[in-house]
Amino acid sequence: MTKRVWTMPLRKLFAVTALFILSVNTVHAELLIRITEGADSAVPIAVVPFSESGAVPPGDKVGDIVHSDLAMSGEFRPLPAEKMLSLPSRREEVFFRDWRLLGQRYVLVGSLTRNGDRVSARYELFDVNTEERLLGETAAAPASNIRSLAHHVSDKVYEAITGVPGAFSTKLAYITLDRFNGKPRYRLQVSDVDGKRARIRLESQEPILSPAWSPDGKKLAYVSFETGKPVIFVHELASGNRSAVADFPGLNSAPAWSNDGRSLLMTLSKDGNAEIYRMNLASRELTKVTNHWAIDTEASWDHTGDGLFFTSDRSGGPQIYHKESERAAPRRITFGSRYNARPRPDNTGDFVYYVHQRNSAFHIARTNLDTGEETILTRTESDESPSVSPNGRMLIYATKQGSDSVLTVISVDGGAAYSLPAAEGDVREPAWGPLVR
Amino acid sequence: MIGHEREVTSTGVSPWKSPVAMSVTLHLLIIGVALAGWTWTSPDHEPPPRSISARLITQQQPEPSPVVEPVDQPDREEERRQEEQKRKAEEKRKAEEQRKEQAQREAEKKAREEAEREAREQERKRQLAEQRKKEEAAQAKEAARQKAEAEAKERERRKAEEEQRRKKEEAQRKAEEEKRRLEEQRKREEAERKKREEEARKEAERKRLEAERRLKEQQLEALAQEASEAQEAEARKQAQAAAAKAREAQMLTESEKYQALIRERLSQAWYPPSSATEEMTARLQITLLPTGELAGVKLVGSSGNTAFDNSALSAVRSLNRYPIPDERDTFERYFRQFTIEFNPRRLR
């Protein structure tokens, strides 16, 4: 009996202790579910056509432009307007349940108002699930510049959702080729990212190559054969003034602006072998950056502005190399195939994009600079001239469509492709302009 | 027991009532008769004093006479006396007393007169001596006869007395015997009582022992039962623990199943923003209703990137109904409240 009497409290004590431990454990062992993968598909978003009041110019509709901008990014899947149950333009008119039923994640509503010669847009972005307003702004633009207003809205929406600045207000530079009066006609053009509002900056019967944007977006450097040989020009867009900065014997090609816009990297063969030089634009002073018996070309500054990527066939075929600084020893980046050229790093330093040949087809590929992992991003087979958007999220490149060359925009991870409407003939050598504030 | 005592007392009283009382009353009667006889006979003795010659004899004579007379008197006076006794028992005693006193006084007076008379008659007596001697002889003869008679009577009386005594003794003996018998009976009864008592005591003791034994047995039984119950309880507990463990395991697998389902659903619902990096982690505490509906979500750990946090919140909010186990316990244990961590490992 006494034993029992003694053991019972002890047992209770154990039980209590066990309970305590259990409860402590459960507190610490609250279920944790880790989500490491997201949806493969694009984000569903409803861009409701903006309501208009006053004499808003006919033609392009802001909602349509935002819709196509977001679609072009490959990251969004805008809902076609005809599927919308209602067309709200302000919060009070938004029934989130409807948008949830439509499977939408976000909904953008807004209205345009004409104020004199300006049009102002008031717009709001909502998360359909949390019913929170992520964005609410008013922006204005000249009535003639509604597209810019629309691209601005796209940028804001994109940034609000993705956390990355939008690049829809940036410009593209590219070269078109057609025939005019039986002669080839090369034209340097600058357009919006969606290919609209293209303007011809230079026209020539000789090839124009490798346009490169200055960091401030006000100048272009390019190679023109107008003199019968390749010469690097710097072209001021606003004024149309241009000057030949590199007209050395042999090859003058592949210009690339430094971050401060004061110097250009370029490939020169004035000494017999193609090497990479840096030219101080003010003094036209050249600094030899590479020195190798093999061809070194297609230089591009990395995201730090100190190092550079370039193509070299010092290994026997073209491969991508990286120098952490002008004086550092080059490090080979690509090993996946016998042909890897035209490197274009992104603005984060995570990836480098380039043309990659495999099985006699040319694709755009990227290599993760941390892991060395190579990913082929395109399925087309004659891809060239990749250029990364300044926000590092999109990539434009030239590819063949039938006999013609067209420009295609993809998201940097190889998502949905968006082909720019080709005006006429071939379109090649695209260059994505910088973000301009 | 009390009955016995009563019996004893009653039997003890009865002997006193009958033989002893009887003898006492008999004695008293005899004495009474003797006294009465004595008073009645005294006047009869008056004539003898005339014959003054025999002073010494007269002195001697009164003794046997009362003895002789009373024997006859009772017979005569018997009926009257019995009647008188009834009528005036009290009066008689008083009269007797008076008479006694009077008799004494008269006797004293008579004695004085007799003495004078004696002296005068001395002469006459001497004269008559011869005559008297003859008379004396006759008288002696008579006396002897009387004496023999008295003696016979005395013998008879003694015999009666003896008989009486014998009877008394017999009665006493009988009483004693009775007493002894009673005593024996009492003793026997006492013994019997004692025996019964003893037996009762023994029985009580036996019963007590039996009760004790039974109690002990009961206690033992209770102990045994308790022990077996404890054992059973222990076994039950162990079984329950095992079942709980099994259930827990089941719950765990069940929980894992639904964890996987939730993970899948959220993975499909989550659109990691472009700005997401593998270093970003958003922790959200989820509270569900037993229907699987979201009761609440709280950002308990920000990734530092608003778009990322928002994407996670949106994903969590996008599910109309969370896949949760039907088992309420499993739900309560794992899915009533839990944490979801959004941390991209494989960016597009």
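**Exercise 1.** Which residues cover each face of S16(A), and are they buried or exposed?

*Solution.* Start with the ground rules. This is a predicted model, where local features need pLDDT of at least 70, side-chain atom pairs count only at pLDDT 80 or more, and totals for chains, interfaces and linings use all residues. Residues are numbered from 1 along each chain as its sequence is written, with chains lettered from A and ligands numbered from 1 in the order in which they are written.

Next, the terms: strands (E, at least two residues) and helices (H or I, at least four) are DSSP runs, numbered from the N terminus. Buried means 20 or more other C-beta atoms within 10 Å of the residue's own, with C-beta atoms placed from the backbone.

Now look at the faces: Ser263(A), Leu265(A) and Thr267(A) sit on one side, Leu264(A), Met266(A) and Leu268(A) on the other, and all are buried. Six of the six residues of S16(A) (263-268) are buried, so the strand is largely enclosed by the rest of the structure.

**Exercise 2.** Which strand pairs with S16(A) over six bridges?

*Solution.* Pairing takes at least two DSSP bridges. S17(A), residues 275-280, is the partner, in the antiparallel sense. Ser263(A) stands opposite Asn280(A) there. In the hairpin joining these strands, Gly272(A) has a positive phi near 105°.

**Exercise 3.** How many residues of chain B are in contact with chain A?

*Solution.* Contact means C-beta atoms, placed from the backbone, within 7 Å. By that test, 35 residues of chain B meet 24 of chain A. H6(B) gives the largest share of chain B's side, eight residues.

Conventions
Two residues are in contact if their C-beta atoms, placed from the backbone, lie within 7 Å. A residue is buried if 20 or more other C-beta atoms lie within 10 Å of its own, exposed if 12 or fewer, and partly exposed in between; C-beta atoms are placed from the backbone.
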